[in-house]
Amino acid sequence: MLKVENRVTRSQFQVLVLTYLVVIGALLLRYFSLQIYEHEKFKTQAEVNRIRAVPVKAPRGLIFDRSGRLLADNYPIYVLTVTPEQLTDLGALFQRIQAVAGIDSSLLSQNYQHYFQSKYLPVPLARDLSFSQLSALEENRYELPYIHYQKIPSRYYPSPVQLSHVLGYIKEIDQATLSAQLNQGHRYHPGDMIGWKGIEKAYEDYLKGEDGVQYFEVDAFGREVGQYRDRPGEAPAPGHDLFLTIDLDLQRTAERLMQGRAGALLVSDPGTGEILCAVSAPDYSPDLFTGTIREQEWEEVLSDSLKPLLNRLTNGQYPPGSTFKIISALLLLKDHLIDTTQVFHCSGSYHFGDRTFHCWNEYGHGTVNLPKAIIQSCNVYFFNAIQKADLNALAALAKEFGFGSPTGVDLPFESAGIIPTKEYLTAKFGRRGWSTGALLNLAIGQGEILVTPMQMIQFINLVATHGRTPSLHFNRQAHTHWVQGPQLPDSLWKQMETYLQAVVNHEHGTGKLFRSNSDSLWVGGKTGTAENPHGEPHAWFVGIARYHDISRTVVVLIENGGHGGEVAAPIARAIIQQAFTETNLFAER
Amino acid sequence: MKTGTWLHDDFPVHVILAVLGLSLVGIIALISIGLSQPGAWYQHSYVKQILFLLIAVSLAYLVYRLPVSRIHKYAYTFYGLGLVGVTMPYFFHRVAGTHRWISLGGIQVQPSELAKVFLVIALARFLSDHKPENLKFREIILSMILVAIPVGIVANQPDLGTALILFAPLFPMLFWAGARPYHLFLFIAPLLSILTAFHTLSFSLWGILLLGIIYLSRPTLLAGVTVYFSNLFLGLLSPYFWGLLKPYQQERILTFLNPEKDPLGSAYQIIQSQTAIGSGGLFGKGFGQGTQTHLKFLPVQESDFILSVIGEELGFIVIAAVLITFAWLLIRILRTSYECRDRFVSLMAMGFSIIFLAHVFVNAAMTVGMIPVKGLPLPFISYGGSFLVTSYIMLGLILKSELKQLD
């Protein structure tokens with residue numbers, strides 16, 4: 001084709017030839033110097049001082065409660081390894097180990113397949129050897145060539161509480177995570193444990209620590225002949241200790257109160273965002289995932305219809321029921337859609353279009369104004385009143401209270417819940433698939449709406465602090481930020497507080513089982529009874545308790561428990577009482 | 001065309017033999033590595049490598065048979081497709097934390113490898129469309145933009161090693177095309193001003209060198225003074241700007257420039273790799289006898305550190321043979337590019353030779369600790385399908401420059 005003639009000059013050519021010669025010549029010189037000039041030095045190094053770097057596992061950071069009581073600890077476990085080398089009959093070795101120490105030979109061969117890297121490197125065969133297994137293997141050492149033990153730190157949870165959904169657990173790193181971190185500094189090796197759920201996962205980087213390294217001399221066949229003296233190893237740097245906001249005593253009471261039930265219980269300090277106790281029931285022993293998991297225990301946990309592995313605190317999603325009336329009432333008041341003297345008549349049910357909506361009190365509440373509608377939790381009042389409002393305005397206010405998005409509490413995998421807007425309903429049911437009935441339902445916290453207990457405690461914290469509370473957290477040293485709720489006039493927040501106080505203290509209040517014995521303890525709250533398709537309604541209670549400048553908020557959810565005022569309120573009262581016993585109260589002041 | 005139609009009679013058989021010889025050395029090293037690996041023989045990497053080699057040679061032949069006019073005509077189309085290619089991994093899941101690979105039916109492909117081919121062709125086309133006397137600042141800037149786009153995408157994947165390789169042909173090709181060396185120098189100078197600024201002696205030496213070069217190039221007084229002082233000024237300001245960055249930003253830049261730094265990692269790798277090569281001596285420890293290799297002291301010994309396996313088991317003799325073969329091959333490519341009558345083909349072949357040289361240098365220098373560890377394979381020798389195929393495709397295109405009669 002020859003489109004343009006080549007006109008490279010001789011000097012251009014020579015410059016590049018010279019460059020190439022210099023570059024490759026430099027490489028040749030360097031290799032010559034290494035392989036010929038310094039050969040003896042490296043030969044000795046390779047022959048005599050074969051150095052192998054063996055990682056030394058760093059112990060994970062410990063986890064304590066708010067006053068320094070231990071929640072998660074480490075203890076050493078022994079791992080049985082084999083260095084295959086010239087070993088020909090693995091099967092026979094595994095059979096022999098089974099006979100001596102009673103470890104299933106199929107498990108040994110399974111682990112061998114899984115962890116094999118090279119025939120010169122030790123392969124882990126079994127972990128968590130008992131003392132009797134260790135001594136039995138040691139007694140028969142002469143007929144078990146090539147086997148060794150490694151001591152590695154392992155996790156256990158010594159405290160009297162379970163706290164399993166908060167602590168989470170650690171698990172052996174999987175292949176995907178392992179290869180994903182290869183480019184980020186090779187911090188993990190096959191067989192390493194890594195935080196998988198809860199605090200253990202959320203603070204993995206903080207708790208993990210840096211593995212150290214020990215240098216071993218190995219002989220020509222790769223057998224370790226001792227520690228390498230000329231090169232000191234690096235000691236492992238243990239992970240950082242973590243102090244949680246959890247109060248061990250309160251947590252113990254909370255777990256006792258929730259025993260035999262399904263649901264969630266949270267107590268927090270709205271002034272700091274600290275969570276003092278957190279139960280997701282039923283739970284499991286945190287030691288379930290440490291050491292060897294017994295098949296039977298696993299089966300029990302997995303087949304339990306109440307799903308003990310589900311973290312109801314952040315991933316259980318429920319309709320909030322009448323607790324949502326706080327938001328409906330705030331909307332009606334803030335937009336001046338209604339005044340507190342206006343009344344509606346409650347006959348126990350309400351006809352709207354071709355549907356009948358019921359009040360929980362089938363005999364009706366008679367003539368109802370706003371305070372009475374909150375105190376006695378009258379649905380019919382809200383069915384009437386909410387028609388002055390717009391569905392999206394109500395949804396927007398709910399979102400300002402943090403519903404519909406994760407709270408950002410320091411636990412992984414938090415659910416967002418659902419706040420139905422017009423757009424959401426149209427997308428789900430079609431333009432004609434829903435009607436104003438959805439607004440009526442939302443006003444009493446029913447229908448499409450779903451919330452998590454964690455969102456509920458953030459919500460009640462916003463109410464308790466008049467719209468601005470520090471973010472929720474479990475780590476005492478966590479950096480908090482301000483969660484900004486809706487900006488309402490202070491008088492309106494105070495008005496809502498008097499209603500919430502009346503819910504508990506009025507003679508017909510639905511929350512009277514939350515009432516306090518002491519006059520100096522201010523209490524208020526709201527009950528909720530969330531209808532659901534899975535049987536009995538879910539019982540809710542959200543409450544605030546205040547003694548001088550110390551505040552505590554509480555959320556109780558009992559799945560399929562019945563009426564919030566009858567089932568959830570007494571539990572909330574018991575835990576708040578514990579939170580304000582003298583020791584707790586005055587230790588903090 | 002006496003020998004039939006499938007090969008031209010001036011076909012450079014010795015070039016092919018040299019390259020296949022290099023690949024053979026690689027396969028021998030892979031077979032040795034396979035000796036101490038678990039699994040049946042057909043699971044070992046050398047079997048896959050032989051398959052890759054067959055594919056690569058066939059593709060090289062197909063490319064060799066393509067008429068030059070076609071390559072010239074569709075140069076920018078290829079370039080566009082190449083850009084789409086390097087963007088593809090962003091639509092796939094990250095592999096090992098980067099967007100380097102796409103997986104096609106279970107095979108992982110690295111499109112940035114092919115970008116090397118497209119980029120050099122496009123650059124050769126652009127530069128060959130301009131006569132040497134027409135290569136002014138405007139053309140230099142345009143060719144820089146041509147290179148900067150794929151380099152930016154690949155660096156963002158992040159794959160700094162490949163980005164460096166993609167950047168490597170730019171200045172040599174501009175020089176080959178006849179751009180004024182002084183102009184090219186003006187573009188490199190600011191970079192050197194920034195880099196030397198952190199070391200007083202280097203910066204002083206650089207200042208003197210800069211003055212000398214400017215003086216010898218005889219620009220107008222105003223231009224010379226401007227260039228000189230703007231460079232000095234840039235250098236003096238850069239430590240200040242560096243200080244303005246937050247520590248985590250500095251850390252991020254340093255990690256980006258040297259991602260492999262870690263306590264158990266690169267320093268240890270280099271010591272082990274040097275020990276392997278040094279202990280090999282003149283004749284090596286013999287095939288399958290490398291203790292460093294078989295005790296798994298060396299990571300990624302199949303791809304990036306394959307020279308340490310060769311050095312340990314086969315000795316300096318084979319290392320020297322490999323390096324001299326590369327030198328002979330690359331200088332031969334330069335000579336044919338110099339003698340080639342077509343400007344486009346000449347630039348293309350020369351650009352590919354730079355890509356090869358950059359790979360050889362970075363890989364061989366890293367293996368013995370002359371430069372920080374960068375994961376780049378050795379052409380024709382290292383294990384890995386994408387780069388082997390790319391290397392042979394480049395070879396097929398280079399052979400175009402050997403033809404007396406261009407179609």
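Good morning. Of the 589 residues of chain A, 42% count as buried, a residue being buried if 20 or more other C-beta atoms lie within 10 Å of its own, exposed if 12 or fewer, and partly exposed in between, with C-beta atoms placed from the backbone. This is a predicted model, in which local features need pLDDT of at least 70, side-chain atom pairs count only at pLDDT 80 or more, and totals for chains, interfaces and linings use all residues. Residues are numbered from 1 along each chain as its sequence is written, while chains are lettered from A and ligands numbered from 1 in the order in which they are written.

On confidence, the predictor assigns the complex an ipTM of 0.86 and a pTM of 0.58. Chain B has a mean pLDDT of 82, with 85% of its residues at 70 or more; pLDDT is the predictor's confidence in each residue, from 0 to 100.

Chain A contains 22 helices and 21 strands. These are DSSP runs numbered from the N terminus, helices being H or I of at least four residues and strands E of at least two. Two residues are in contact if their C-beta atoms, placed from the backbone, lie within 7 Å. Among chain A contacts between residues at least 6 apart in sequence, 70% join residues at least 24 apart.

One local element of chain A is a hairpin formed by β14(A) and β15(A), with two residues between them. Strands β14 (residues 349–352) and β15 (residues 355–358) of chain A are antiparallel and share four bridges; two strands pair if DSSP finds at least two bridges between them. A:His351 has A:Thr356 in β15(A) as its bridge partner. In the turn, A:Gly353 has a positive phi of about 60°.

I turn now to chain B. Is helix α8(B) mostly covered or mostly open? Seven of its eight residues are buried, so α8(B) is mostly covered. Those buried residues pack against α1 (10–37) of chain A, and against α5 (111–128), α6 (137–156), α7 (160–167), α9 (181–196) and α16 (343–367) of chain B. Just after the helix, B:Gly178 adopts a positive phi of about 105°.

Within α8 (residues 170–177) of chain B lies B:Pro172. Why does B:Pro172 count as buried? Because B:Pro172 has 21 C-beta neighbours inside 10 Å. Leaving aside neighbours within four places in sequence, B:Pro172 contacts A:Leu16 and B:Ile354. B:Leu347 is 175 residues from B:Pro172 in sequence, yet their C-alpha atoms are 9.6 Å apart.
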